[in-house]
Amino acid sequence: MTPPHPRHRRALAIPAGMAVAASLALLPGVPASAAEAAPTLSADSTSSTSTSYVVNVRPGHGLPAHVKRAIAEAGGTVVTSYDRIGVIVVHSSNPDFARQVRTVRGVQSAGATRTAPLPSAATTDTGAPKVLSGKEIAAAEAAEGQDPLQGLQWDLPAIKADKAHEKSLGSEKVTVAVIDTGVDDTHPDIAPNFDRDASVNCVSGKPDTTDGAWRPGAAESPHGTHVAGEIAAAKNGVGMTGVAPGVKVSGIKVSNPDGFFYTEAVVCGFMWAAEHGVDVTNNSYYTDPWYFNCKNDPDQKALVEAVTRASRYAEKKGAVNVAAAGNENYDLSSDEITDPSSPNDTTPGDRVVDPSECLDIPTQLPGVVTVAATGAKGLKSSFSNHGLGVVDIAAPGGDSTAYQKPEPPATSGLILGTLPGGKWGYMAGTSMASPHVAGVAALIKSTHPHASPAMVKALLYAQADATACTEPYDIDGDGKVDAVCEGSKNRNGFYGWGMADALDAVTW
């Protein structure tokens with residue numbers, strides 16, 4: 001049975017309170033709870049009937065004049081053009097725009113990036129993180145030489161990051177871009193390592209370099225800030241410690257105020273990373289509004305093509321792209337999956353898809369490192385997607401303490417991270433696993449500064465600790481198998497090549 005899930009299924013957050021029921025928000029067979037916020041108008045609106053499109057042409061030759069004319073004749077306005085990859089972002093209120101433009105010579109594909117007009121009328125439905133109280137912060141125990149909250153971070157020793165830090169914290173010449181909901185660079189654990197030059201707001205599909213535009217608004221998700229802290233929270237005697245506390249981290253905001261990650265914003269994010277010296281990108285989201293984008297649909301085909309071009313360009317320019325596998329306990333290598341959530345910006349309905357033909361982007365794109373989540377006992381997290389040949393590697397993403405309880409002094413089975421406003425708190429999901437791998441990749445790049453993305457990925461997989469399938473996998477102990485793992489100890493559907501290893505990253 002497919003469990004229900006919130007719109008941003010990478011942004012899984014266990015709602016406040018540590019009761020088992022609250023901790024099971026997205027566990028198999030349990031309804032997802034959602035903290036609803038008031039509707040917020042999108043920053044990228046042009047009119048109440050306008051829709052955003054991507055038009056894909058031959059890369060590297062600029063926007064052909066006849067295509068530009070055809071776009072205008074079809075009622076389109078060019079927002080921006082990424083000539084190096086041949087992706088054009090267009091707004092139009094003509095509902096027939098994509099069909100008309102597809103007939104133009106030189107247009108390889110074109111499609112709407114959403115099913116709702118600008119602005120979207122959706123509400124935010126990601127769960128709230130559990131914020132650490134002052135009392136909990138004061139009670140936290142840490143060993144000598146550790147940051148005050150490090151004792152709560154069971155995830156660091158799970159990938160040997162604590163041992164790695166004795167040898168290296170990573171290089172300040174390495175930058176990890178958090179392509180996400182925005183990063184609060186004023187946080188005391190993030191500010192020392194923040195790379196302003198590599199940060200931007202890409203929500204409209206066109207870079208906004210206004211100072212602070214990369215930050216989340218007061219009513220927006222803290223997700224990106226949490227992810228940034230997991231990667232590179234400074235080892236500075238304050239708060240927590242990131243996996244790679246000596247590297248730089250940047251914020252590339254691609255989520256609009258409603259919480260949607262639309263194609264034009266994601267393309268902009270990858271292109272900005274490519275052109276600004278980013279070494280690793282973390283992608284803890286899926287590109288809305290389609291959970292799976294089917295290439296036999298002309299609109300969805302265009303979205304796959306646009307994001308593929310952008311992610312490949314980023315890798316060509318030196319970035320390792322890391323992405324979360326997702327939180328629905330799907331087998332991404334199965335013959336079919338029932339997707340009940342698409343399109344998520346209007347009215348979703350059940351559809352059966354073949355995940356080898358209908359892709360979760362950027363997670364399933366060529367060259368992207370796909371990360372599954374594990375809990376405090378090292379088992380696949382109850383919610384984590386899996387799939388032989390799809391999952392590349394595993395890392396801590398948290399789980400309910402009812403399923404996987406950490407050893408003291410840690411008290412929560414979730415993942416500690418930074419939150420806007422100088423706070424810290426717990427979240428869980430493959431969203432939290434992916435930044436652990438991004439941090440390890442940054443440590444590898446720090447150790448091997450001249451390594452290509454292909455070499456960094458090869459080392460990442462070679463250094464991973466092989467982890468055998470969990471058989472039978474009955475995470476809730478009810479006597480029923482909750483997921484089936486296929487493959488060998490050295491590579492399987494639950495853990496890929498194994499658990500990420502930060503110590504090997506700084507010693508190999």
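Residues are numbered from 1 along each chain as its sequence is written. Because the model is predicted, local features need pLDDT of at least 70, side-chain atom pairs count only at pLDDT 80 or more, and totals for chains, interfaces and linings use all residues, while side-chain values use heavy atoms, with hydrogens and water left out.

Helices here are DSSP runs of H or I with at least four residues, strands are runs of E with at least two, and both are numbered from the N terminus. Of its 13 residues, 12 are buried, so H8 is largely enclosed by the rest of the structure. Buried means under 20% relative accessible area, exposed means over 50%, and partly exposed is in between, with a 1.4 Å probe and protein chains only. Met271 sits in H8 and counts as buried at 6% relative accessibility; its C-alpha is separated by 9.1 Å from that of Ile85, 186 residues apart along the chain. Just after the helix, Gly277 takes a positive phi of about 70°.

Next come the rings, with 11 aromatic pairs in the structure. In the pair of Phe292 and Tyr330, the ring centres are 6.0 Å apart and the planes are at 45°, so the pair is tilted. Rings of Phe, Tyr and Trp (its six-membered ring) pair if their centres lie within 6.5 Å; planes under 30 degrees apart count as stacked, over 60 as edge-to-face and the rest as tilted. Phe292 belongs to the loop between strand S9 (280–283) and strand S10 (293–294), and Tyr330 to the loop between strand S11 (320–324) and strand S12 (337–339), so to speak a link between distant parts of the chain, 38 residues apart.

A cis peptide bond, with omega of about 5°, joins Asp288 and Pro289, and Pro289 is in the loop between S9 and S10. Over in the loop between S11 and S12, Asn329 has a positive phi of about 60° although it is not a glycine; Asn329 is buried, with a relative accessible area of 15%. Strand S11 itself holds Val322, which is buried at 0% relative accessible area. The C-alpha atoms of Val322 and Asn283 are separated by 6.0 Å, with the two residues 39 apart along the chain.

Finally, there is the second largest pocket, which holds about 320 Å³ of space. A pocket is an open set of points, on a 1 Å grid over the protein atoms alone, where a 1.4 Å probe fits, with protein on both sides within 12 Å along at least five of seven lines; lining residues have an atom within 4 Å of a point. Its lining has 21 residues, with Gln153, Trp154, Leu156, Pro157 and Ala158 nearest the centre. Helix H5 (residues 155–158) gives the largest share, 3 residues.

Note on methods:
Points joined across faces, edges and corners; volume = space filled by probe spheres on them.
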